[in-house]
Amino acid sequence: SVKAPEISIRGWQFYCHPSLSELTLTAQSISISDYAFQGCPALRTVTLDGNGGVESYAFENCSVLNKVAVNVDSIGQNAFSYSEVNKAVICSRVMEIGNYAFSRCTELSDLDFQDGEQPLQIGEEAFAMTGISNLTIPSRVSSIGRFAFTQCNQLTGVMMEDKEGAGPLEMKENAFDGDTSL
């Protein structure tokens, strides 16, 4: 657990670190570079809170990672893909979820988008092939990318919140393609 005014973690810094099990970073500014924690076999929980972002592949393929709470400006491409995340909290500060960010997190069943003032963009295949069963999309979501929730075969319901003054939602083609239970 680290609290500091500014936290910057370079690419590959903790790549496949064998004993790192929990990561909590709180700072005014957080920057986690590409591949920084990729493949950490013991990492179970990640909590991030601060301005900045998580770059591409930062936590990809963390085999026992099961809980993620992210309150940064952006989540990069493939940031958590191929991990065993079962609960993800996307906090109010997040404005962008990159392409494939949580793709193939097959255990992801609990996805909580917290409401906020900033618009949120969800990238292509961001949550493709996950275990999400019910989904509530807050009114702050301004766009949902192509195939964003494709092949989420446990998905049985989608609720889109409507809030006065919220902008239009741009939903790209096939956003929910192949969801056999929907």
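Start with the charges: the chain carries 11 positive and 23 negative side chains, with the centres of the two sets 6 Å apart. Here Lys and Arg count as positive, Asp and Glu as negative, and His and the chain ends are left out; each charge is placed at NZ of Lys, CZ of Arg, CG of Asp or CD of Glu.

A word on the source: this is a predicted model, where local features need pLDDT of at least 70, side-chain atom pairs count only at pLDDT 80 or more, and totals for chains, interfaces and linings use all residues. Residues are numbered from 1 along each chain as its sequence is written, and side-chain values use heavy atoms, without hydrogens or water.

On to the fold: you'll find 13 strands and zero helices (DSSP runs, E of at least two residues for strands, H or I of at least four for helices, numbered from the N terminus). Of the 182 residues, 46% are buried, that is, under 20% relative accessible area with a 1.4 Å probe and protein chains only, while exposed means over 50% and partly exposed is in between.

Now the rings. There are eleven aromatic pairs, counting Phe, Tyr and Trp (its six-membered ring) with centres within 6.5 Å; planes under 30 degrees apart are stacked, over 60 edge-to-face, the rest tilted. Trp12 and Tyr35 are stacked, because their centres sit 4.5 Å apart with planes at 10°. Trp12 is in the loop between β1 (2–9) and β2 (22–32) and Tyr35 in the loop between β2 and β3 (45–54), so the pair ties together parts 23 residues apart in sequence. Phe14 and Phe37 are stacked too, at 5.1 Å and 0°. Phe37 is buried at 1% relative accessible area, whereas Phe14, at 28% relative accessibility, is partly exposed.
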